[in-house]
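Dear colleague,

I am passing on the structure we talked about, and below it you will find my notes on what turned up. Please read them with the model open beside you.

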Amino acid sequence: MSKNILISESKYKIKKSQELLKILKKKGFEAYIVGGAIRDFLSNISFDDIDITTNASIEEIKKNFEYIKKSFREKYGTVKVYFEKIYFDITSYRKEGPYLDYRHPSYICFISDIKEDIYRRDFTINSILMDENNNLIDYFHGCEDLRKKKIRTIGDPYQKLTEDVVRMLRIFYLQAKLNFDIEINTLKVLIQNIFLLEKIKNEILIEELKKIFSQKYLKKAFLDIKKTNAIVFLRKLKNCFPILSEIEKL
């Protein structure tokens, strides 16, 4: 499929997302497109998943849209809806409690402040908001990091990378997808705490590695998997991913 067709599809998805935003706005709620869809749209890359953030509650979202069967994500404030033949994940603004298992918050509470909701997220390039009129809201300088091709955590990198350790692997995924470098403070914390990958179950590691290895810019990710010593904690999966042996040789 040509790049022009992919860009046209992305524009179509953004347009349909904005129609969804307008419905929520007419009901008196705030709503924005956020996350990887905006990151990739601004980078002229195709995307599949579309995330919407809103101050509408789960119950209010369900009243206005067809939604998929209940899943574990509802307890974290996310409902999957089907609108104009596209699936959307709509999440109510929330604040999170401490992470006790290196993966999930111990509790969440719903809030009304969009900036506080965005602050709980992982990386600046995933924090950019778009409204129904194509306006960008960028509280944490994600657009600047997109231009500089940098992966940087929102706020304290130690907190963000140690509370949810899978974010460490997401850094390598973003490198492999975007060909970006890791911002220096984020990199230092990543190296110092990479041993926490031991806390992640093998099945989760396998799913994340599948995502990484399916991307375009593997060399960038491979070099930092070796540099950060992540390979030490991933080599146990060489039977699933023989390419890990090649990374060790770099």
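In which helix is I171 found? I171 is found in helix 7, and I begin there, after a word of caution that this is a predicted model.

At 0% relative accessibility, I171 counts as buried, because buried means under 20% relative accessible area. Leaving out residues up to four places away in sequence, I171 touches F123, I151, L161, I182, T186 and L190. If you look for F213, you will see that I171 and F213 are 42 residues apart in sequence, while their C-alpha atoms are 13 Å apart in space.

Helix 7 also holds Q175, which is buried as well, with a relative accessible area of 0%. Setting aside neighbours within four places in sequence, Q175 is in contact with I151, F180, D181, I182, Y217, K220, A221 and D224. Its C-alpha atom lies 32 Å from that of E84, and Q175 and E84 are 91 residues apart in sequence.

Two of the contacts of Q175, namely A221 and D224, lead us on to helix 10, which covers residues 218–227 and whose buried residues are A221, F222, D224 and I225. These buried residues pack against helix 7 (166–178), strand 11 (181–182), helix 9 (202–213), helix 11 (230–234) and helix 12 (243–248). Helix 10 is followed by N229, a residue whose phi is positive, near 70°.

The whole chain

Along its principal axes, the C-alpha trace of the protein chain spans about 55 × 45 × 35 Å.

Buried residues make up 49% of the 250 residues in the protein chain. Among the contacts in the chain with a separation of 6 or more, 64% are accounted for by residues 24 or more positions apart. The protein chain exposes about 12,800 Å², and carbon and sulfur atoms supply 49% of that area. As for charge, the protein chain has 47 positive and 36 negative side chains, and the centres of these two sets lie 3 Å apart.

The protein chain is divided into domain 1, which runs over 1–148, and domain 2, which runs over 156–249. The contact between them takes 16 residues from domain 1 and 18 residues from domain 2, and the centres of the two domains, taken over C-alpha atoms, are separated by 25 Å.

Apart from its neighbours within four places in sequence, F88 is in contact with K16, S17, L20, I50, I52, V79, K80, V81 and F83.

Not counting residues up to four places away in sequence, I108 touches K75, Y76, G77, R94, K95 and E96. The C-alpha atoms of I108 and L129 are separated by 21 Å, and these two residues are 21 residues apart along the chain.

Two loop residues

Finally, please look at two asparagines in loops. N44 is found in the loop between helix 2 (36–42) and strand 2 (51–54), and its phi is near 60°, a positive value in a residue other than glycine. At 45% relative accessibility, N44 counts as partly exposed, because that category lies between the 20% and 50% cut-offs.

N134 lies in the loop between strand 8 (129–130) and strand 9 (136–137), and here too phi is positive, near 75°, in a residue other than glycine. With 49% relative accessibility, N134 also counts as partly exposed.

Conventions: Residues numbered from 1 in each chain as written. Predicted model: local features only at pLDDT ≥ 70, side-chain atom pairs only at ≥ 80, totals over all residues. Heavy atoms only, no water. Buried < 20%, exposed > 50% of the residue type's maximum accessible area, 1.4 Å probe, protein only. Contact = heavy atoms within 4.5 Å. Areas by Shrake-Rupley, 256 points an atom, 1.4 Å probe, with all protein chains shown as cover. Lys, Arg positive; Asp, Glu negative; His and termini not counted. Charge placed at Lys NZ, Arg CZ, Asp CG, Glu CD. Domains from an automatic or database assignment. Helix = DSSP H or I, 4+ residues; strand = E, 2+ residues; numbered from the N terminus.
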